[in-house]
Amino acid sequence: MKITVPRLILGIAVSAMAAACNQTPKSSTSTVSADKNTASVSSAKQEIVYVNSDSLLNKYDYFKDMSNRLEDKGKKAQVDVSSKGQAFQREVAEYQKGAATLSADQRAATEQRLARKQQELQTYNQNASAQIQQEQAAENAKLYDKIADFLKGYAKEKGYKMILTYSKANPTVLFGDESLNVTNDVVKLLNENYKKDKK
């Protein structure tokens with residue numbers, strides 16, 4: 001399962017980045033004015049950093065544990081549904097073997113019972129799938145909130161005005177200078193916080 005940061009947030013971040021980038025310094029003949037402009041551009045660059053969400057998720061222990069939990073639940077649900085399906089198929093096969101020996105009323109009653117059972121099995125399968133999807137959505141929301149809350153505090157502490165996200169799956173940021181990449185620092189601190197939370 002691959003989790004990405006929602007496109008809406010990415011779109012807002014990219015729009016803000018574009019607005020920041022479109023503010024060109026005013027040209028001036030004086031050297032002092034040019035130096036001020038250079039300083040302000042340099043300062044703006046330091047206020048905007050980015051996180052590689054692919055790397056973050058691959059290295060974030062909470063995400064790994066969450067993925068393993070969801071995968072285990074998915075496998076258990078699949079085994080459960082498969083087991084019920086096989087039991088139903090055996091029941092159908094037994095009925096077909098002995099159908100010739102049954103009266104018309106017995107055949108009709110058995111076929112109705114099997115049809116009901118098949119419908120129940122389909123409903124059970126749909127409910128199991130829906131439950132897994134709901135759990136995935138809830139876990140994804142929890143993951144997003146956890147990272148977003150952390151990054152708010154991180155940005156405040158470091159003096160960043162904006163933290164963008166980069167992902168190959170959703171490449172809204174096509175290039176970012178490596179000096180602006182704070183992924184390793186963010187992952188390190190997230191993992192430290194997660195270890196404390198687990199204790």
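Modeller: One definition comes before the rest: the expected span of a helix is 1.5 Å times one less than its number of residues. Bear in mind that this is a predicted model.

Biologist: How far does H6 reach from its first C-alpha to its last?

Modeller: H6 has 16 residues, and at 1.5 Å a residue a span of 22 Å is expected. The model is close to that expectation, with a reach from first C-alpha to last of 22 Å.

Biologist: How far apart are the end C-alpha atoms of H5?

Modeller: H5 covers residues 104–158. Its 55 residues should span 81 Å at 1.5 Å a residue. The model agrees with this, because the end C-alpha atoms of H5 are 80 Å apart.

Biologist: Which residue follows H5, and what is its phi?

Modeller: The residue after H5 is Gly 159. Its phi is positive, near 80°.

Biologist: Are H4 and H5 roughly parallel or roughly antiparallel to each other?

Modeller: The axes of H4 (residues 61–98) and H5 are 11 Å apart, and the helices pack at an angle of about 175°. Angles over 145 degrees count as roughly antiparallel. H4 and H5 are therefore roughly antiparallel.

Biologist: By class, which residues make up the contact of H4 with H5?

Modeller: Sorted by class, the contact of H4 with H5 comes to 15 nonpolar, seven polar and 13 charged residues.

Biologist: What do the buried residues of H4 pack against?

Modeller: The buried residues of H4 include Phe 63, Met 66, Leu 70, Phe 88 and Tyr 95. Gly 85 and Glu 91 are also among them. The buried residues of H4 pack against H3, H5 and H6.

Biologist: How are H4 and H6 oriented to each other?

Modeller: The axes of H4 and H6 (residues 183–198) come within 8 Å and cross at roughly 60°. In the contact, Asp 61, Tyr 62 and Asp 65 of H4 meet Asn 191, Tyr 194 and Lys 198 of H6. By class these are two nonpolar, one polar and three charged residues. As for orientation, H4 and H6 are therefore oblique.

Biologist: Over what arc around the axis do the buried residues of H6 lie?

Modeller: Thr 183, Val 186, Val 187, Leu 190, Asn 191 and Tyr 194 are the buried residues of H6. They lie on the same side of H6, because they cover an arc of only 125°.

Biologist: Which residues are exposed on the other side of H6, and what covers the buried ones?

Modeller: The cover over the buried residues of H6 includes strand S1 (48–52), helix H3 (53–59), H4 and H5. On the other side of H6, the exposed residues are Asn 184, Lys 195 and Lys 196.

Biologist: Is Leu 151 buried or exposed?

Modeller: Leu 151 sits in helix H5. Beyond its neighbours within four places in sequence, Leu 151 is in contact with Ile 163 and Val 186. Its relative accessible area is 16%, and buried means under 20%. Leu 151 is therefore buried.

Biologist: What share of the residues in the protein chain is buried?

Modeller: The protein chain has 199 residues. Of these, the buried share is 27%.

Methods:
Residues are numbered from 1 along each chain as its sequence is written. This is a predicted model: local features need pLDDT of at least 70, side-chain atom pairs count only at pLDDT 80 or more; totals for chains, interfaces and linings use all residues. Side-chain values use heavy atoms; hydrogens and water are left out. Axes are lines fitted to C-alpha atoms, for helices over the stretch in contact, and angles run from 0 to 180 degrees between N-to-C directions. Helices (H or I, at least four residues) and strands (E, at least two) are DSSP runs, numbered from the N terminus. Angles under 35 degrees count as roughly parallel, over 145 as roughly antiparallel, 65 to 115 as roughly perpendicular and the rest as oblique. Ala, Val, Leu, Ile, Met, Phe, Trp, Tyr, Cys and Pro count as nonpolar, Asp, Glu, Lys and Arg as charged, and the others, Gly among them, as polar. Contact means heavy atoms within 4.5 Å. Buried means under 20% relative accessible area, exposed over 50%, partly exposed in between (1.4 Å probe, protein chains only). The arc is that of the directions from the helix axis to the C-beta atoms.
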